[in-house]
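Work through the exercises below with the structure in view. Each task is followed by its solution in steps.

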Amino acid sequence: MFKLTFIGHVSKDINRTPTETVVVPGGGVFYGSIAAQRLNVPSVVVTKISSKDTSLFKPIEDAGTRLIISPSPETTTIENIYPSSNPDERRSRILHKADPFDVDDLQRVQTKTVAVSALWHGEFPEELLEHLRTQVETMAVDAQGFLRNVLEDGTMSYSDWEFKHVYLPLIDIFKVDSNEAFVMTGERLLEKACKRISNYGPKIVLATHKDGVVAYDGKNFYEASFSEYKLIGRTGRGDTCLAAFLAALLSGKSLKQAVELAAKVTTAKMQYAGPYRGGEVP
């Protein structure tokens, strides 16, 4: 019945502005699974949260996704402080972290395609990629969970993946944004960065940037542009893009078609805050 599994922490996001404080659900598996489900790809989320926060993530189940929760003393909680009306002026730090995943958690993955969407380095220990590789046919991985490090004070800092040469050859689809691609390669030109990442071994590099999405399969580039969007819808962009790309491939579409659909779905999602609502693809 189910075609796609997302594994990673959901997050409790505390967004503070000069006028209000709002608590909302977030995380790659939150945005990604809802998008896939609304693109008619039955999905499962494997995650870890505290029992006191279960109700916050009810929208996942409301979308029709199966939510598999392992208990954790804490839910990964991220505080975002917006000191002005400029949404790009943001300070973020992790207040709490849910327990990392382990080998036993992988037994909950029952689909042939899986997306690893971790929020911070160590949440999904990289050695688990070797175990997961033996279980699935297609493994997609978001770079964030291996480049985004949590410092002692809770602030988050990006640095290159030390063991990328070991684990990238195991990955079918590796998702980066333009900043992550630069951190990994030192290349500002996205095409050059994708080629360098591809040389480490993943079959497809999927990259988002401010204007659109690019996929590189080691031979050819496939590109599509985002249409005009609103900054309020920026959160969840990459997660939605990866989910739509996977949904397209699982539906039998070509790489070119998958990139085009991913751009359209992501554009639609970026018209509003929150996950993709379905039905607005131009």
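**Exercise 1.** State which handedness the crossing of α9 and α10 has, and classify its angle.

Solution. In this predicted model, the crossing of α9 and α10 is right-handed. The axes of α9 (residues 237-250) and α10 (residues 255-269) come within 8 Å and cross at roughly 140°. Angles over 145 degrees would count as roughly antiparallel, so α9 is oblique to α10.

**Exercise 2.** Find which residues make the contact of α9 with α10, and sort them by class.

Solution. From α9 come R237, T240, C241, A244, F245, A248 and L249. From α10 come L255, A258, V259, L261, A262, V265, T266 and K269. By class, the contact has 11 nonpolar, two polar and two charged residues.

**Exercise 3.** Describe the salt bridge of R16 with E79 and what it ties together.

Solution. The closest N and O atoms of R16 and E79 are 2.6 Å apart. R16 lies in strand β2 (residues 11-16) and E79 in strand β6 (residues 77-81), so the pair links parts 63 residues apart in sequence. R16 is partly exposed, with a relative accessible area of 32%. E79 has 7% relative accessibility, so E79 counts as buried, the cut-off being under 20%.

**Exercise 4.** Decide whether E74 and K52, which meet in a salt bridge, are buried, partly exposed or exposed.

Solution. The N to O distance between K52 and E74 is 3.8 Å. E74, at 28% relative accessibility, counts as partly exposed. K52, at 55%, counts as exposed.

Definitions and conventions. Residues numbered from 1 in each chain as written. Predicted model: local features only at pLDDT ≥ 70, side-chain atom pairs only at ≥ 80, totals over all residues. Heavy atoms only, no water. Axes fitted to C-alpha atoms, helices over the stretch in contact; angles between N-to-C directions. Helix = DSSP H or I, 4+ residues; strand = E, 2+ residues; numbered from the N terminus. Parallel < 35°, antiparallel > 145°, perpendicular 65-115°, else oblique. Left-handed = near helix turned anticlockwise from the far one by under 90°. Contact = heavy atoms within 4.5 Å. Nonpolar A, V, L, I, M, F, W, Y, C, P; charged D, E, K, R; others polar. Salt bridge = Lys/Arg side-chain N within 4 Å of Asp/Glu carboxyl O. Buried < 20%, exposed > 50% of the residue type's maximum accessible area, 1.4 Å probe, protein only.
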